[in-house]
Amino acid sequence: MSSRPALSRAVIAERTWSVLLDLVVFAAVLACIQGLLVMSRYWLGAMTPVAHIDRSPRALPLYAFYSTVRIAVGYVLSLVFALGYGYIAAYNRRLEGLMVAVLDILQSIPVLSFLPGVMLAMVALFPTRQLGVEAGAIILIFTGQVWNMAFSFYASLKSIPRELREAARIYGFGAWQRFVELELPYGAIGLVWNSMVSVAGGWFFLMACEMFVLGKRDFRLPGLGSYLQTAAGAGDTGAIFWGLGAMIGVILLIDQVVWRPAIAWSDKFKFEQVESTAQPTSAVLNLLRRSNLLVRWRTAVMTPLAERAALRFARRGAMFEPPAGPVVWKRVAGWAGAVSCGAAILYALFEAAMTLRTLTTPELTSTLHGAAATFGRVAVSLVIAAAWTIPAGVAIGFNPRLARIAQPLAQLAASVPATALFPVLLLALIRMGGGLGIGSILLMLLGTQWYVLFNVIAGAMAIPSDLREVADVFRFSKWQRWRTVILPGIFPYLITGMVTASGGAWNASIVAEYFHFKGQTLSTVGLGAQISSATDAGNSDLLLLSTIVMAALVVCVNRALWRPLYRLAATRYKLEV
Amino acid sequence: MQPIIEARKVEKSYGSEGDGFIQVIAPTDLAVYPDEILALLGPSGSGKSTLLRMLAGLAKPSAGEVIHHGHEVGGPCENVAIVFQSFALFPWLTVLENVAAPLKAHGVPAAQRTERSLRILDTVGLDGFENAYPKELSGGMKQRVGFARALVVEPEVLFMDEPFSALDVLTAENLRGELLELWQSHKMPTRAVFLVTHNIEEAVLLADRIVVLGKNPARIRTDFRVSLPRPRERKDSRFTQLVDYIYRVLTRPDLAPAAGPEVLPERTRPRYQMLPHAPRGAVAGLLEMLLDRGRDDMYRLAGALSFEIDDLLPVVDAAVLLGFAKVEEGDVEITPAGREFADADILRRKELFRAAALENITLIHQIHRSLEAKEGHSLPDTFFEDLLDEHFSEDEAKAQLETAIHWGRYAELFDHDAGARRFFIPEEAPAALAGPSTSEATH
């Protein structure tokens with residue numbers, strides 16, 4: 001038969017391919033080990049708070065590597081913490097309400113204002129090693145990444161269907177098996193998507209915190225963020241382009257090597273009864289699945305390990321429910337924990353009050369002025385974002401051909417952290433002679449408009465075609481079409497995008513309103529500028545006040561504006577199939 | 001004979017004693033004996049599934065106890081299995097992994113797990129599918145996986161919670177036959193089967209013993225043995241007689257339990273009238289059908305409408321509540337008022353419906369009267385939710401209001417704004433009807 005030679009040729013191709021693949025995998029493993037060595041040598045080395053930043057492109061790979069490792073470590077910490085936090089919040093009935101409320105508030109606190117406290121604490125912890133400064137940056141990234149992941153896992157755990165839970169209970173699953181076979185798989189998709197959002201946020205903060213001034217101390221960590229800031233400070237256009245190129249390259253690479261495979265892999269955790277037609281695919285994942293080395297690693301190491309874990313945790317606790325009544329010592333420990341937490345909070349409040357006592361009236365009034373100014377800027381940037389993204393997003397969403405071209409482009413634009421572009425934009429602004437008052441709106445827009453655009457596109461695509469056909473059949477006027485079909489259709493998506501954008505804009509204000517540039521400081525009136533300048537000056541009481549005011553503003557706006565709109569979107573404007 | 005699992009005076013209630021106390025299941029005794037298939041029948045929402053979960057140790061009774069081989073049950077029973085209505089398979093595990101999961105939980109080593117699972121898959125006719133994922137299978141095959149997972153642990157009692165109701169008619173019939181064959185040929189090591197269902201014929205086809213539950217709160221109406229020889233034929237006159245008998249028990253809540261094991265205590269307080277969740281259009285359809293037939297057997301009616309009894313009962317209840325029909329001995333008969341309604345044109349029907357609803361439906365009457373009395377003719381949902389909370393569970397209270405809104409809108413008595421969560425009387429609504437005096441409809 002003629003298919004025979006073709007078949008054997010395919011087998012040969014497959015074989016050679018997998019040998020190559022194995023080589024690549026092997027090389028990747030070696031590279032990881034080498035990277036680990038480099039990193040540990042650097043971290044455990046003596047502290048050099050102000051690294052010399054080399055502006056030549058040859059230094060970029062190492063800088064990119066350092067930045068990526070910071071992001072990766074921060075992300076792994078976030079993942080572990082998010083799993084633990086979500087798990088406890090979902091299963092501890094007494095703590096649940098408190099923990100969810102804490103999540104809600106921590107999500108809205110401007111992370112960057114923690115920078116001085118965290119840095120000083122970490123440097124004090126490891127006074128002689130580079131690890132101290134690095135840990136500070138990593139913890140900052142962690143605090144920017146962790147909350148939405150924790151919330152996603154918590155929400156997944158709470159929404160596991162009752163009968164699946166009952167099946168796990170009646171068949172005697174222990175805690176470990178339940179975690180591995182039910183809870184983690186059920187939460188996987190949410191975790192992957194939220195991880196992507198989180199890591200994008202991580203880049204945003206990393207770019208800002210690799211280079212900053214704290215009172216009299218100057219910190220500069222070798223990385224892409226400090227490279228870009230240094231290049232912009234020196235007005236070195238070539239270096240700026242090299243830096244941006246490296247940054248985009250790294251982000252695209254991570255997207256292809258980490259997120260695409262993760263999305264394709266997590267598709268099997270989709271909780272659906274019928275197979276969907278369109279499944280995400282990833283070439284990298286397909287290749288990895290074919291690597292002999294990895295297959296052998298799985299059968300020889302992973303499977304036996306999983307089996308040993310399963311058998312070890314089985315039987316214990318699986319068949320025996322914990323005794324029904326609360327154990328005395330548990331209750332005592334609970335109370336002790338609650339009391340000590342309460343005491344710590346009271347002490348912190350007292351300390352905060354003592355710190356705030358030294359505030360002067362001009363500081364208070366300037367805080368209020370700043371709050372009003374930043375509030376205005378956030379509002380304006382949101383309005384501008386909505387004004388251009390709604391028509392653009394609807395046009396893209398309604399036109400599949402346009403969407404195919406525009407979506408990857410928009411994704412690329414969105415993946416570049418706004419903070420990396422700030423120095424560049426600032427350079428342009430100054431050349432054009434614009435002030436930072438208006439310029440900072442532009443900077444905020446840069447970071448936030450994409451959320452709105454993506455959501456509007458998704459919303460426009462989700463409008464059922466028969467609704468649009470109704471508009472065609474009855475010859476709706478343009479205005480009528482927008483009012484009765486398009487705007488209500490995209491409303492829930494628009495609100496989702498605006499909420500995210502609003503949070504992002506507040507956070508961006510800290511870096512957008514105040515800038516060190518070529519040895520001088522550019523700033524404008526605003527809450528964000530006040531936070532940054534208080535950080536610079538080491539004025540902790542003003543920093544605390546501004547942070548509290550900003551957090552309070554964000555929480556209030558969320559409660560008073562976004563949450564009712566959200567509810568409206570979830571009830572009246574939900575397109576039910 | 002010693003029962004395997006026995007419920008003693010178990011009850012389920014929500015809320016605290018006093019206000020807001022709702023009893024879902026009245027104190028009930030129920031025992032599962034070896035070598036029998038026990039079918040638990042009851043209208044939907046009667047608490048059958050809750051009773052199953054209490055027996056299996058998944059739910060804690062509010063009072064009373066469940067005894068398993070002489071020991072009180074404190075958590076999930078050992079050595080039992082459940083087949084779920086929704087299959088409850090883990091979509092990220094293959095068929096084989098799904099079936100092997102309970103064995104893994106019991107610490108069975110991998111090789112043995114695979115061997116035992118494959119053997120069970122073979123028994124239920126799924127050999128060759130062990131590496132498929134559940135989403136690649138049809139509903140019937142998914143439920144076969146559910147059976148395999150249940151049987152692989154060699155359970156002493158096999159609990160089944162409406163296992164066939166998510167399947168199409170033919171698949172369900174096929175699976176029932178296979179289950180019966182496994183049971184009769186002792187190919188499964190199970191000593192007793194506990195089947196929850198709302199399908200009367202299914203119960204008569206499979207069970208050795210049938211227990212019928214009443215509703216609000218659930219209590220055993222009747223408990224009897226089925227002595228029909230197997231294989232049972234649906235066309236057999238003894239079969240249809242038995243089905244008819246159960247229909248009568250189910251459709252006449254006021255009927256004293258015929259063969260029930262106990263006479264139950266009287267209710268402690270008058271119960272609030274419960275709106276059946278029937279679409280108004282279905283009531284009209286039923287009446288039109290009865291217009292020709294006058295009086296008909298409910299069993300035949302369900303057949304003619306190709307309804308499950310579960311779907312027909314609320315419609316009949318609604319018609320009876322409105323005074324358009326009455327039920328006697330399992331037969332439905334149209335009343336003169338119902339005849340007038342069915343004969344009328346669209347507008348006249350609306351008027352008749354309005355009058356009947358105001359006169360006979362407590363909730364609609366109350367909503368209407370409260371709105372009339374209120375300045376601005378508008379009240380928030382919470383006002384009525386509070387009112388209903390005393391009599392119904394939270395979900396049921398919501399469902400009651402939804403039905404009331406549906407009927408009230410049709411009758412043009414009041415309207416509802418879902419966004420503001422308020423009831424109101426629209427400006428142009430007709431004033432309250434002259435006709436039924438409002439005071440006598442309050443009870």
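# Notebook: chains A and B

I began with the domains of chain A, which is divided into domain 1 (45-272 + 279-290), domain 2 (322-357) and domain 3 (361-577); such bounds come from an automatic or database domain assignment. The model is a predicted one, in which local features need pLDDT of at least 70 and side-chain atom pairs count only at pLDDT 80 or more, while totals for chains, interfaces and linings use all residues. Residues are numbered from 1 along each chain as its sequence is written, and chains are lettered from A and ligands numbered from 1 in the order in which they are written.

**Entry 1: chain A overall**

I noted 29 Å between the C-alpha centres of domain 1 and domain 2 of chain A. I then listed the secondary structure and found 20 helices and 4 strands in chain A. Helices (H or I, at least four residues) and strands (E, at least two) are DSSP runs, numbered from the N terminus. The radius of gyration of chain A is 26 Å, close to the 25 Å that the globule rule gives for 577 residues, so chain A is as compact as a globular protein of that length. The radius is taken over C-alpha atoms, and the globule rule is 2.2 Å times the number of residues to the power 0.38. Along the principal axes, the C-alpha atoms of chain A fill a box of roughly 85 × 75 × 55 Å.

**Entry 2**

Two packed helices are described by the angle between their axes and the distance between the axes. Axes are lines fitted to C-alpha atoms, for helices over the stretch in contact, and angles run from 0 to 180 degrees between N-to-C directions. Angles under 35 degrees count as roughly parallel, over 145 as roughly antiparallel, 65 to 115 as roughly perpendicular and the rest as oblique.

I looked up α3 (residues 93-108) and α5 (residues 130-158) of chain A, which pack at about 150° with their axes 9 Å apart. α3(A) and α5(A) are therefore roughly antiparallel to each other. The crossing of α3(A) with α5(A) is left-handed; a crossing is left-handed if the near helix is turned anticlockwise from the far one by less than a right angle, and right-handed if clockwise. L103(A), L106(A) and Q107(A) of α3(A) meet W147(A), N148(A), A150(A) and F151(A) of α5(A). Two residues are in contact if their C-beta atoms, placed from the backbone, lie within 7 Å. I classed the residues of this contact of α3(A) with α5(A) as 5 nonpolar, 2 polar and no charged. In this scheme Ala, Val, Leu, Ile, Met, Phe, Trp, Tyr, Cys and Pro count as nonpolar, Asp, Glu, Lys and Arg as charged, and the others, Gly among them, as polar.

I next took α5(A) with α7(A), whose axes come within 8 Å and cross at roughly 155°. α5(A) and α7(A) are therefore roughly antiparallel to each other, and their crossing is right-handed. The residues of the contact of α5(A) with α7(A) divide into 13 nonpolar, 12 polar and 1 charged.

My last pair was α18 (residues 478-512) of chain A and α20(A), at an angle of about 175° and with axes 10 Å apart. That makes α18(A) roughly antiparallel to α20(A). Residues making the contact include F491(A), I495(A) and W506(A) of α18(A), and M550(A), W562(A) and Y566(A) of α20(A). By class, the contact of α18(A) with α20(A) has 13 nonpolar, 2 polar and no charged residues.

**Entry 3: the contact between the chains**

I recorded 33 residues from chain A and 29 residues from chain B in the contact. On the side of chain A that touches chain B, the elements giving two or more residues are α6 (162-170), α7 (175-209), α11 (292-313) and α20 (540-571). α6(A) gives the most to that side, with 6 residues. The residues of the side of chain A that touches chain B divide into 17 nonpolar, 5 polar and 11 charged.

**Entry 4: chain B**

I found chain B divided into domain 1 (5-251), domain 2 (272-343) and domain 3 (362-443). The centres of domain 1 and domain 2 of chain B, taken over C-alpha atoms, are separated by 32 Å. Chain B has 15 helices and 16 strands.

I also checked the backbone of chain B. A cis peptide bond joins R230(B) and P231(B), with omega about -5°; P231(B) is found in the loop between β10 (220-225) and α7 of chain B. H186(B) is not a glycine, yet has a positive phi of about 55°.
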